[in-house]
Amino acid sequence: MQWSRVQFGLLASVLLVACGGGPGGSAPKLAPPEEFRWGGQPITFSPPSSGWRRQRDQHGGIRGVRFIKTGSVGEGIAIGEYYQLGDRDRCRALAEFLEEYDSLSRKETLRRVQKIRMGYMSWFSDHEERLASVVNEQLDEFRNAVIHGRMLEAERALELAQDAALEIRHELDDVVDEVLFRAEDRTDPHFYVVEEPVEGELAGEPSLSVSYTMERDRRTYSGRQVYVVRNNRLFVADFIGLAENLPLFDAVVQSITFPPGDCE
Amino acid sequence: MTRHALPSVLVTALLLGACGPSPPGVIVRAQVGEHELGLLVPEGWQHFDNDRQHRLQREIARIEIEDLGPLSLAGLEREVVRARELFRDGRRDDARSVLRGLDPAATFPTPEDWKAASPSWWVALQAKEEFGSGPIEEAYSRLLTQLSELPDKSLEDRARQVLTRFGHDSARDDIASVETVEVGGRPAVLLMTWDRLSHAQRKRHCFVENRGNLLVLRMGLGQHEEMETAFESVVDWLDFA
């Protein structure tokens with residue numbers, strides 16, 4: 001049978017559609033969504049499907065998970081939480097303390113007060129510094145009231161400390177500088193070309209993303225980081241690898257949702 | 001199909017149904033400590049017998065089967081009665097040896113319960129000749145009374161408690177899932193742990209209560225994905241004599 005060009009064209013189109021090809025290419029394949037809880041705010045996302053092995057990731061104040069493409073040139077997708085921010089949140093610790101303090105020994109009570117106090121060398125914002133000082137003052141009031149057996153006063157002070165702690169809300173702009181990708185922070189800054197940060201939205205929250213390229217071993221790598229704050233926790237999604245896998249990274253990031261976290 | 005073919009097909013189907021599915025490996029009789037088991041050795045796996053600990057192994061992958069002893073109050077009570085019988089027969093060393101093999105601190109429901117019972121425990125354990133038999137008999141009686149009056153921990157609580165013996169570190173690992181089931185007609189808990197940050201290093205454990213003794217089947221070295229089918233088959237085919 002002689003096939004015309006039109007027939008070949010039609011057959012090619014049918015095959016492309018059947019194989020998930022065609023204009024725009026196929027959607028990256030993701031695994032079912034998984035919920036991770038690295039601190040007080042859980043995060044859910046769909047990891048890359050097979051071909052990426054996972055490992056724990058803990059460096060630079062971030063803890064989370066890294067997916068490494070097997071048999072590739074060192075490509076990785078990481079999602080993590082900047083715990084140096086999240087660990088400052090006292091709302092859960094204060095709520096638990098309010099429930100338990102009257103059943104604790106005096107020694108344990110005072111130890112817990114010391115643990116909850118917010119003593120830092122630097123603050124992310126004036127707003128945080130002001131409210132942290134209120135939390136600390138009320139904890140001091142609580143401590144004195146406990147020592148002198150004035151339990152009603154003690155409870156009131158603890159409630160005020162909790163109110164102040166709940167008022168501390170970190171915005172992305174206040175905290176993102178801690179983790180923002182910059183060529184000058186790298187050991188070999190001349191390998192990198194970094195684009196301007198782009199504002200966006202992720203899981204209903206304002207987000208920021210930075211894209212860059214890196215030349216190494218006669219190969220051009222693409223990099224992208226996305227930052228988002230939810231419930232006083234700063235999450236960082238990070239990609240380094242070949243440009244062809246950027247859509248996969250974007251799909252993983254777009255699958256992010258935030259289930260209710262502590263004190264929500 | 002011919003008229004003659006139909007009955008033979010029916011007979012074959014009935015026979016297949018009656019015989020049930022065949023095991024994906026060989027069932028061996030295994031004595032794991034106090035547990036007499038029918039144990040599936042999956043195809044391609046080797047079986048190593050080390051008395052209280054058995055191992056199924058294929059290359060680097062390992063499934064460990066271990067008798068954890070009487071980690072329940074009922075089991076502890078049974079062993080204390082056995083030790084008392086040995087003591088009464090004048091076999092003080094054997095009685096001591098039975099008590100020494102137990103882990104009462106891990107078995108009593110709370111540290112306070114263990115603290116209250118420990119003076120009697122130590123008198124029974126030491127069983128010094130100069131005590132005579134009166135105080136030692138008394139210590140056994142007090143101990144057995146205390147044991148009979150305490151509520152036992154649930155199987156799940158005991159399973160969670162012994163996880164640390166297998167390298168579980170609660171700062172690094174999480175318990176991903178817990179399921180109460182029956183294995184070989186005995187109460188059991190299926191428990192999966194994983195690395196808290198990455199959900200990697202997945203390990204399955206199956207704790208089975210059998211006559212007061214706790215048996216554990218667990219994934220040892222190796223990749224979870226490569227062992228999962230074998231592990232599930234071993235649990236599914238586990239049989240107690």
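How do strand E8(B) and strand E9 (residues 213-219) of chain B pair, and over how many bridges? They pair in the antiparallel sense, over six bridges. This is a predicted model: local features need pLDDT of at least 70, side-chain atom pairs count only at pLDDT 80 or more, and totals for chains, interfaces and linings use all residues. Residues are numbered from 1 along each chain as its sequence is written, and chains are lettered from A in the order in which they are written.

**Strand E8 of chain B**
- Strands are DSSP runs of at least two residues, helices (H or I) of at least four, numbered from the N terminus; two strands pair if DSSP finds at least two bridges between them.
- Eight of the eight residues of E8(B) (203-210) are buried, so the strand is largely enclosed by the rest of the structure.
- A residue is buried if 20 or more other C-beta atoms, placed from the backbone, lie within 10 Å of its own.
- In the hairpin of E8(B) and E9(B), two residues lie between the strands, and Arg211(B) takes a positive phi near 50 degrees.

**Nonpolar core**
- The largest nonpolar core has 34 residues; Tyr227(A), Leu234(A), Phe235(A), Val236(A) and Val253(A) touch the most other members.
- Such a core joins buried Ala, Val, Leu, Ile, Met, Phe, Trp, Tyr and Cys residues through C-beta atoms within 7 Å.
- A second, separate core of 28 residues includes Phe207(B) and Val208(B).

Definitions and conventions: Buried ≥ 20, exposed ≤ 12 C-beta atoms within 10 Å, placed from the backbone.
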